[in-house]
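I am opening a notebook page on this model and will record what I look up, one topic at a time.

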Amino acid sequence: MELVLVILIDGLVYGLLLFMLSSGLTLIFSMMGVLNFAHASFYMLGAYFAYQISRYMGFWPGLILAPIIVGIAGAAIERFGLRKVHQYGHVPELIFTFGLALLIEEIVQFFWGKNQVPYDAPEVLQFALFSIGTNEIQAYKVFMIAISVLIFLCLLYVLTKTRVGMIIQAALSYPRTVEALGHNVPFIFMGVFGVGTALAGLAGVIAGPQLGTFPGMAFLLGSIVFVTIVIGGLGSLWGALVASLLIGWMTTFAASYNVAMADILMAVGFEMPEEMSEHALRDIWTLTLPQIGPILPYLLMVVILVFRPYGLFGKRDA
Amino acid sequence: MTDTSSIMTKKRSYGGLTTATVAPWVICTVILLVLPYVFQSNSALTIMNQMAITIVFALAYNMLLGQGGMLSFGHAVYMGMGGFMCMHVMNWVEYENIPLPLPLLPVIGGLFGMGMATIIGSFSTRTAGTVFAMISLGIGELIAASSVIVVAFFGGEEGVSGDRTYGLPVFGYEFLTKIEVYYLTAGWLVLSALLMYLFSRTPVGRMANAVRDNPERAQFLGYSARWVRFYSFCASGFFAGVAGGLFAINFEILTEENLNLVTSGSILLITFLGGVGFFFGPIIGAIVFTLLQSVLSLQTELWQLYVGALFVLTVMYFPGGLAGVLMMHVVPYKLGKLGTLVVPYIKTLIPAAIGILGLASFCELMFHFKHAAVGEHDMSLFGIAFSTHSPIPWVVIVAVTVIGFWLAKRNSVELRETWGNANVMTPSKEGGAQ
């Protein structure tokens, strides 16, 4: 029971982190109709910028400044790169963001090297807040949860309750009408792109100390973020939340429970082969849950795309 | 009447053999035959073999991206699976003494790749666009991840390796030397390129283009967009598998690296760099990329940065790729105005090249300054040795870069003007034609 609680908290941390990335990505998708492959790269940039700032000014200024810098960089890329490619169609756009992801990884390696940089949580938060049984829960994890929930509430408030949010929502569905009403729609798009990338940057700032700040971090999380918004339904904020939490808990549970395939097979009624090393299906017999944990999200995505191509909460076919 | 008859002959010669359609194939085959006599070193042969394999793979990929409009992020799966199967067959041939001549091995790889494509294509080709791209990404990740789990087939971390020389000798050749393997690879290159070209001329290949451009309209004509995509997908899987078989023959080892996203991503990069709009685009892309990879990576640690920048700039400014840039010159050539472009090109491109080299030198200098071992201040660029901690090289490099780009920018006005003139008929000529 204690273990379940600990896993629930760990899964929540990971899931909310995914949500900070996927919420921005799904907004950008509903705006431009294209998946931003470089989204996780902005997450990485956030972590590296925060590391650089923390070396001079400490953790807290980095928490504020790094996402702002990332957001400005994202807006600039939308304005001077993506808008140019937009006229060629969707496939070149997707390819552009893919190339951008490669380029950002190389640029990060150029400035900060190939190894992990020593970016740590502030000392104020380096203590065990409480413990469940024998497992101590670090204060930093609770801090991560708090920040993510705060961001989610802010996003929800801005999008549904304010005038700016109304205009954004209207611009997503009827850009021409909104433009005719006198709003600068390209500017709104640039702003949404900037805010989305800033959110990714913020996720990087708070995840860097926990998951490590290294050039492969974007690649590691990048495809999972896509999987998340595809499962949740492209363009759906609630879908992104549900899918993020689902994937967060699913991968954490799979990594923690050592269920062996052999036990399941024997319970169903198969007989364990005597000579395992030469058996053709030996890999299936030796399979364990932590082994297949990392590929579960991809499996889920393929299954969902086959049976429900618009995802759990999606309204339109992508 | 003369008009209609000329149109008739034009139509008749369209599908048939003409010098213009056959000549490129003959020339390319001759070049492939002669190449080993020009570049005789062992490393050159290795590069050429790799190039040939990449060309086959890139052409297969372009059957999807260029001709079918399907963006795949996991095409390495079909090449890798074909290659793995070929490695296993190669080992069976060795242990069981099966009389299988080595040159036929890529067929097995191709069939296995096609089998995989049939299974996966059965559900992934229902739609093009984002859903297809995402399914391909998911499948790619799945297979790459399971390569570590399913050790029996993928060999785990160390992969599967074998020995190609145990096959049945063909006319006395046992494929011990690189040159024999080169001719085998080159033969398969010509054969599969020709088959892929002919496929693009068949009704199915033509319908693939139609479905790419307007699936709805194609369906109103009575074609199922899904089945057309499915056939393209299977054919592409076959040739990717052939490329995998050639890879197995050449390198005699396949690992997880042949399946993962990095390989899938780089084939997308190669194909797009070469140009997806023309059949020969991926060939150019594969040649340029392999050369960049093998030459540039020897010179600098930063080669991936340059390739990444080149890729992004290509997407932004030349979405047609290198082939697109080449084909832009067809109109001036037909108007007989290609000559007028030479001088403005020289005046713009040489300063631009100097500026780019200057920028690259700046990157190298900064990289060395930041990441070299402590106390190591000496480096050399283009054969000139200097210390990174003195201001002179910095000033020189910045000056060269700025001057190069300034000259290029100044002269580009003239180039743009000449380009505009070269693409329109001059009035006097137009009058003459009428």
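This is a predicted model: local features need pLDDT of at least 70, side-chain atom pairs count only at pLDDT 80 or more; totals for chains, interfaces and linings use all residues.

Entry 1: I looked up strand S1 of chain A, residues 128–132, and found that the number buried among its five residues is zero, so the strand lies largely in the open. I then followed its pairing and found four bridges joining S1(A) to strand S2 of chain A, residues 135–138, with the two strands running antiparallel. Across that pairing, Phe130(A) stands opposite Ile137(A) in S2(A). The hairpin has two residues between its strands, and there I noted that Gly133(A) takes a positive phi near 65°.

**Entry 2: where the chains meet.** I next looked at the contact between the chains, in which 40 residues of chain A touch 35 residues of chain B. On the chain A side, H4(A) gives the most, with 14 residues, while the helices that each supply at least two residues include H3 (59–86), H9 (217–232) and H14 (296–307) of chain A. Sorted by class, this side of chain A has 30 nonpolar, six polar and four charged residues.

**Entry 3: a helix of chain B.** I turned to helix H14 of chain B, residues 303–317, whose 15 residues reach 21 Å from the first C-alpha to the last, close to the 21 Å expected at 1.5 Å a residue. Its buried residues include Leu305(B), Val307(B), Phe311(B), Val312(B) and Val315(B), with Thr314(B) also among them. What covers these buried residues of H14(B) includes H3 and H4 of chain A, together with H12 (261–274), H13 (281–299) and H15 (321–327) of chain B.

**Entry 4: the cores.** Which residues have the most contacts inside the largest nonpolar core? I found Val56(B) and Ala243(B), in a core of 185 residues. Leaving aside residues up to four places away in sequence, Ala243(B) touches Ile53(B), Val56(B), Phe57(B), Ala60(B) and Met79(B). A second, separate core has five residues, among them Met207(B), Ala208(B), Ala225(B) and Val228(B).

**Entry 5: the domains of chain B.** Finally I noted that chain B is divided into domain 1 (20–327) and domain 2 (330–425), whose centres, taken over C-alpha atoms, are separated by 34 Å. Their contact takes four residues from domain 1 of chain B and five from domain 2 of chain B. On the domain 1 side, I count by class three nonpolar, one polar and no charged residues.

Key:
Residues are numbered from 1 along each chain as its sequence is written. Chains are lettered from A and ligands numbered from 1 in the order in which they are written. A nonpolar core is a set of buried Ala, Val, Leu, Ile, Met, Phe, Trp, Tyr and Cys residues joined through C-beta atoms within 7 Å. A residue is buried if 20 or more other C-beta atoms lie within 10 Å of its own, exposed if 12 or fewer, and partly exposed in between; C-beta atoms are placed from the backbone. Two residues are in contact if their C-beta atoms, placed from the backbone, lie within 7 Å. Domain bounds come from an automatic or database domain assignment. Ala, Val, Leu, Ile, Met, Phe, Trp, Tyr, Cys and Pro count as nonpolar, Asp, Glu, Lys and Arg as charged, and the others, Gly among them, as polar. Two strands pair if DSSP finds at least two bridges between them. The expected span of a helix is 1.5 Å times one less than its number of residues.
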